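Let's walk through a protein model together, one piece at a time. Take a moment to look it over before reading on.

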Amino acid sequence: RDVDPDRDAARIETAIKTKGVDEQTIIDILTKRTYSQRREIAFAYERRAKKDMISALKGALSGSLESVILGLMKSPSQFDASEIRGSIKGLGTDEETLIELVCSRSNSELVEIKRVYKELFKKDVEKDIAGDTSGNFGKLLLALVQTKRADPSAMVDYERIDQDARALYESGVKIKGTDVPTWISIMTERSVPHLQKVFDRYKSYSPYDMQESIRKEVKGDLQNSFLVLVQCIENKQMFFANRLHEAMKSKGAKEKVLTRIIVSRCEVDLRKICTDFKAQFGQSLQRTISEHTKGDYQKALLSLCGPEE
Ligand SMILES: [Ca+2]
């Protein structure tokens, strides 16, 4: 069936005007289109209704459903930039969100986030992060935002893999204290496939694997950042699957985490996250979501996940 932005816009206009708001129609349309199709619908809406669709949706929706739908109206980099801004502006810092976003995004995603951040907030994301973090934790996040990571190479450099594995061991588990700058430079400058092999090789030097070593060597936000980074390097979709599982461990759900991951990954790798979730926990992500959420919010998330495979 062809996607028709004018018809979608007309249906959304009617849904918004309906007494009590027809959330189902809004969910059915906006969760089943791509970001660029949603942009076209917003243009068509503005032409016919003579007002901005995002403001109209803001007025018509509320709560967690509103966060999902408004999140979908942002481009992936606008969404990430806004989440980063939200995690550092005002008093205090939401380190969990900041760490997840900075440590899980690829170089090219981070380049776009930096550009969009400046465009949206007239501020430099590097300066904002530097102002809100300190010590080695701040240094690690800044090194990532500076996008110094090498691109994957066609050649596997076994000598370099061995050198890096040994350097990680000799600057951490082998010595008293930890030479954190060495860890930061290796983990933020080498390519992802190279580091996967480094962490594997690391086990031939250290009695503990990389994640265990991080837990032994460093603490707090720095530990959490290194752990997210290493988990994402090893298997990014499994990292998100684990995080979703944690967000739905107890009764109810950490909706902020759930919304952030499902919305930001729905056009990137949500299918593989679903597959990894089922493989890891023996129950599908969709079923877990239906046990821990309710109402229109649940409908929107399930629609974004798609059917179980
Ligand atoms: Ca040590």
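Predicted model: local features only at pLDDT ≥ 70, side-chain atom pairs only at ≥ 80, totals over all residues.

Residues are numbered from 1 along each chain as its sequence is written.

Start with helix H5, residues 63-72; helices here are DSSP runs (H or I, at least four residues), numbered from the N terminus. Its buried residues are Ser64, Leu65, Val68, Ile69 and Leu72, where buried means that 20 or more other C-beta atoms, placed from the backbone, lie within 10 Å of a residue's own. Looking down the axis of H5, you find these residues within an arc of 130 degrees, so they line one face of the helix; the arc is that of the directions from the helix axis to the C-beta atoms. Among the elements covering them are helix H2 (23-30) and helix H16 (255-265).

Next, find helix H13 (residues 192-202) and helix H15 (residues 220-247), whose axes come within 9 Å and cross at roughly 105 degrees. Axes are lines fitted to C-alpha atoms, for helices over the stretch in contact, with angles from 0 to 180 degrees between N-to-C directions. That makes H13 roughly perpendicular to H15, a label for angles of 65 to 115 degrees.

Finally, Thr97 sits in helix H7 (residues 95-104). Thr97 has 17 other C-beta atoms within 10 Å, so this residue is partly exposed, the class between buried and exposed (12 or fewer). The C-alpha atoms of Thr97 and Val257 are 8.1 Å apart, although 160 residues separate them along the chain.

How values were computed
Helix = DSSP H or I, 4+ residues; strand = E, 2+ residues; numbered from the N terminus. Contact = placed C-beta atoms within 7 Å. Parallel < 35°, antiparallel > 145°, perpendicular 65-115°, else oblique.
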